[in-house]
Structures are given as C-alpha cells and as structure tokens.
Amino acid sequence: MGVTQHGRTHRLDLADPTVREWTCTVLHSDAEQGIVLDRSAFYPGGGGQPPDHGVLLWQGVQTRIVGTRKGDDPYLIPAEGDPLPPVGTEVVGAVEDERRTRLMRTHSGLHVLCGVVFRDFGALVTGGNMEPGEARMDFNLPEVPPDFKSRIEELVNAEVAADRSVATRVLPRTEALALPDIIRTQSNLIPADEQEVRIVDIVGLDVQADGGTHVASTAQIGKVQVVKVESKGRANRRVRVRLAD
C-alpha cells in the first residue's frame, strides 16, 4: 500500500496539496464513527499538523467536517447535528482553504526552522505542535548564545527570502533511511511496518521524512517571527514562532 492510500481512501492531500474541491463516493457513514470517502483531500492530522476542516455537499445538503479520527481508514467527523450522506452517495468535498493554506505555510516554516537549527547548532527536534499561523518546536539544545532569538529569526527569514523549492517524493524504506540525517527528531517516528517513506525536501536546506502538507517554495511562507525562546529542562529549548501575516 502506498503512502497516498490509507485503508479504503485515496489521499489526494498527499498527492497534490493544492486540491481544495473534488468529487467522491461515501463508503461508510456513521454519526459516532464518522464518514469514510473513497477519495479525500482532508488532511487527517499527524506530525503536529491538525486535521483540516471543510464540508461535504450532496443533494442540496451540507455536512460540515470538523476533524478526523484515525483508524484503518480516515474517519471524517461531522459537526454535531449535521445530516449524514448515506453510503454510496456521490458528494463534493471541499477543504477550508484559508485554514489549510495557513497550516501549510506554518508547517513549511517549521521545516525551515528545523533546518536552520540543525545546520547551525546541530540540534535535533524533541517535540512540536502547530495551529494555523503559530507553532512551537522543541530542540535538544543545552546551550544557546545570548542573541539566539534574534539570530534564529534572521536566519529563518533569510531562507524564506531565498525562495527555496519545497519538493516531495516517496522512497522505499531502506532507500529513505539511507539518506544522511533524514530523521531530524531525537527518536525515529517512522512506523516499523511502513515500507514507503514520504520525503519533504527544502532544496539546499532540509531533507526529512514527513507526512504533512507544504507550500511549493519558502517564499510562500511569508515573514516568520520568533516570539519566544524558553528553557524546558537542562537540555531542551522551546522556540515559539508565528507568521507575521
């Protein structure tokens, strides 16, 4: 099974992160479990990136999608009280564009931050999380210079302005793990049974295994502000960032 096929659902979000509207067929529909589609561009969440929001449109009816529950298939969570499309119904899916685009910019911005900190300070990621337009990333970084916050902001925005291409590709597991420094987290988070690995490459800066959605170039991220650098233990530093617009 390839990385763009999750159970019964073909993952359009990983094949093309610009897809915002598509037609598909309902394979499962339950108020408690959720809705399963044969094709979906809803990012189900993972790697710190939250799930998408959006709607399903069918026979003049709208079902709002407010999240995703992971299982053998991605189960889309309908808003409480919204009608459910019956199994076999053809529906139009639509992802909320502003939220997804902002999450893509935020996620790519975190990869730039990760690449800069690894390149210039040799630090690995110990944790992270994001919301649209703001995020945090933790690093195994026992010591930082007094001007670390301003330096990091300057270095990150220099890479954003460089308009580096952001490319994705899928490799066999053994080939992917043979790439130097492909795992940028302190522990290897790739499931042991995953035979294909999706790679996100900010060309010339950062190459790592990742399953999220990203912009096509660093210039699309926009200006990044480093809001705060916090100490989270003797060897851990938390860097909080947000998009300037």
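The enclosed space and its setting

Author: Helix α2 gives the largest share of the lining of the largest cavity, namely four residues. The model is a predicted one, in which local features require pLDDT of at least 70 and side-chain atom pairs count only at pLDDT 80 or more, while totals for chains, interfaces and linings use all residues. Residues are numbered from 1 along each chain as its sequence is written, and side-chain values use heavy atoms, with hydrogens and water left out.

At least two lining residues come from each of α2 (97-121), β11 (134-140) and β16 (236-243); helices (H or I, at least four residues) and strands (E, at least two) are DSSP runs, numbered from the N terminus. Among the lining residues (an atom within 4 Å of a point) are R105, T106, G109, L110, E134 and R242. The lining comprises five nonpolar, three polar and three charged residues, where Asp, Glu, Lys and Arg count as charged, Ala, Val, Leu, Ile, Met, Phe, Trp, Tyr, Cys and Pro as nonpolar, and the others, Gly among them, as polar.

The second largest pocket (an open set with protein on both sides within 12 Å along at least five of seven lines) has a volume of about 160 Å³. Strand β12 (residues 166-172) contributes most to that pocket's lining, with three residues. The lining includes M104, R198 and H214, and its residues are six nonpolar, four polar and one charged.

As for the wider setting, an automatic or database assignment divides the protein into domain 1 (5-95) and domain 2 (100-244). Their contact (heavy atoms within 4.5 Å) takes 13 residues from domain 1 and 14 residues from domain 2. The area buried between them (accessible area, 1.4 Å probe, lost on being put together, summed over both) is about 1100 Å², with 48% from carbon and sulfur atoms. Across this interface one salt bridge is found (a side-chain nitrogen of Lys or Arg within 4 Å of a carboxyl oxygen of Asp or Glu). R100 and D52 meet in a salt bridge at 2.8 Å, N to O.

Terms used
On a 1 Å grid over the protein atoms alone, a cavity is a set of points where a 1.4 Å probe fits but cannot get out, and a pocket is an open set with protein on both sides within 12 Å along at least five of seven lines; lining residues have an atom within 4 Å of a point. Grid points are joined across faces, edges and corners, and a volume is the space filled by probe spheres set on the points. Buried area is the accessible area (1.4 Å probe) that two parts lose on being put together, summed over both.
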